[in-house]
Amino acid sequence: MNRRSFITSTGTALLLAPVLIREALAAREQSLVVVAEGTDYPAITRKAIAALGGMKKFVKAGDVVVVKPNIGWDRSSELAANTHPLVVRTVVEECLAAGAKKVKVFDNTCNDSRRCYVNSGIEGALKGMKNVECKQIETERFRKVTLNGTFLKEWELYDEALSANVYINVPVAKHHGLSKLTLGLKNVMGIMGGNRGYIHRNLEVALADVNAHVKSHLTIIDATRILTAHGPQGGNIADVKVLNKVIASTDTVAADAFATTLFGLLPADIPVTVAAYKRGLGEMNLDKIRIVKA
Amino acid sequence: MKSTVPRICQLIFLVLFLFLFVQTEYRGRDEISAAVNAFFRVDPLVLLSYLLATKSWSWLLLPALLMVVATLLLGRFFCGWICPLGTILDLVTVKIRKTAPIRALKGNTKYWLLLPLLSASLFNLNLSGLLDPIAILLRALTFLLHPLLGLVTREGWVGLYRAIGERRDTLAPAYNLIRDNLLPFRDTLYPLALFSAAILLGIIALERFESRNWCRNLCPLGTLLGWLGRFSRFSRVPAGLCSDCGRCRELCPTGFGQDLLRKEDCILCLECQRGCPHDRISFLPSLKLRESGPLLPERRLLLGSLAGGLLLALPARFRNPEKESRLLRPPGVRNEDDFLKKCVRCGECMKVCLKNALYPASYQAGFEGLYTPLVIPRLGYCEYNCTLCGQVCPTGAIPSLPVEAKRREVIGKAVFDKNHCLPFARKIDCIVCEEHCPIAEKAIRSRDVQVLGLDGRFKTVKEPYLVEEICNGCGICEKVCPLETKAGIEVFAVKNRTPISRQAIVQEEKRFNDPYN
């Protein structure tokens, strides 16, 4: 190598280096969505978590973890209005196995909270587990949080969700009258207090505002059965489709984007997903998301 | 109170009453096995006014019939052994210094209360619950004392959180125990709360004049039981005061105003027997019916009461049609007149209501409907899968229905107010009502409509509309409407409360196994 070629190659390398490094980093940051399928719901839930690197990647010993399922409605679990109790239970077990000091499971329900907790099957599924709390919402724990969002400047959010070390979002995939679908991004409404109906007038922007503030460390979408119509509470088993799938990702937007396809829709059809993507909360383009079958 | 068999029995029933009262609440199961309605089911006043008003029979009231038979055999033992209000009076009366009895309450006053009540029942106005002692006690508990207990405890608990934050959690097990077993689930403020408690306090205040003042001079249930007790085969020997002693007069809580203990006054508390310095007194069964005065009150009283009842019953019928439009009754009540004849106004349905949808009517239903339950949807809605109010209603005024039937029962019909409802008034999306509508086929639906927005640009909004045939009027839409104060959708009463079709709420058989349901 002569001097000229050394200088040229070094110069090129120096010029290209930032681009190359950025490319390499981008490849590593590419959103990963894991899809596990099977009729053994605890097994597929575990498989999905394992494919993301295992729960130990998210939960460290001594952590306080919030597992936030959808317990919004007084419906039995077969009607797909709430997260499946077995999925919730498995996520909680994984957290404990990873060393969590305490796992808190709650939701700000729409129907009577006592009935929702009982009839969703979730309270029963967690009964007797050590270091697990399945408490109904206590209104004094809501505190006003400055969001400085586009639509919501401030809102009351649940203290326990904010103070936890790890926040795991465990929604059920279902139809919704206004937002078309309700998935991970919309599940955050369960930690919101106040007059929640207010945000319906600008739902997608409001949800982006809240999700920008409260990031889910892990999103596990229950698509063991999905509600395809008359959501979000359904009530007719004819609207329920059994898919036996669990979807997991650290990117809520990506998880939502993939789950959208289960309904025969595209991520761009769902304003909530689009607004969150535009806000930079995650990736919604399916061709830029790495989808792995676990 | 000294611990004798009747006194212990009284305390047991008081504790039972309070226990059943607290149990009249959702405890994680769809059915309530034991509720405080048991006390009304054995209440002969409830039975008699029900029979007179409805002119029909209900098996729910069989225990009350048995109580009538027991009273005919034994006398007015209910007042001295069971009645929780009587027990409370016995407990507090020892602390209250007595002045002289009120003369105006003597004589036929108690009949002037009981008989017009019964006569009004005959003319279709059943107000006996207003003066029934158990109902009075229950209403004071339900509308003021229990909510007050809840409010104070919870405020203390919240205050603790504000003071020490998360560290409060160490005390949580103790608080949860109290909350889950004693407190009302949520704090509710009721209209008529102070009034209800004032009546109870008034009855207690009457103890200033003589012991068991309410029981001996006013209580319509006691009067009725006393009249039935006249036929009892079980009586005190000797019937009157002994010439050399007279201590019975001090010992007796009810009857010895005169020198003779009248059977209708004797509540069989056995205090005279226990306290007799000479051991002369015994209560013995006998075959012979001992006469004590005429069996029927004087004719003037009978006719006067009949006329009084009629005079009470007719004007009470007046209803303001304006108010009637929001006169929403609990689920399963299809006929207002029939409901009013059966309702005891005990307040149990309001105590048990999951979402605090039910409130006592103060002025809304006229004098006739005082204390009857009213759904106020803006404050609380009727939970779709809940059947508790029907389960605890003592007389079946609110029928006890299986959940499939109750879901279809019509409380009213929702109506949009387009001047308030956001998609109409402000041309923006909302449809929180559609989201919450529990009917599987959705009684509230929405359609995409091109509208001219307030900014002058065309846009698409989802306009909600009602499918009236399948609306059961549960009121969740009105409750959750995110507008402040007045809702953009409201439930109005309807005359035709034919249940909605089965198809609208269909739930097919379970298709797959679910270990937790």
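Start by selecting chain B, which has 24 helices and eight strands; helices here are DSSP runs of H or I with at least four residues, strands are E runs of at least two, and both are numbered from the N terminus. Before you click on: this is a predicted model, where local features need pLDDT of at least 70, side-chain atom pairs count only at pLDDT 80 or more, and totals for chains, interfaces and linings use all residues. Residues are numbered from 1 along each chain as its sequence is written, while chains are lettered from A and ligands numbered from 1 in the order in which they are written.

Colour by burial next, and 45% of the 517 residues in chain B come up buried (20 or more other C-beta atoms within 10 Å of the residue's own, with C-beta atoms placed from the backbone).

Now select both chains and find where they touch. The contact takes 31 residues from chain A and 35 residues from chain B, counting two residues as in contact if their C-beta atoms, placed from the backbone, lie within 7 Å. On the chain A side, pick α4 (113–119) and α5 (122–126), the elements that give two or more residues. The largest share, three residues, comes from α4(A).

Last stop: residues 252–261 of chain A, helix α9, where nine of the ten residues are buried. Among them are V253(A), D256(A) and F258(A).

Key: Buried ≥ 20, exposed ≤ 12 C-beta atoms within 10 Å, placed from the backbone.
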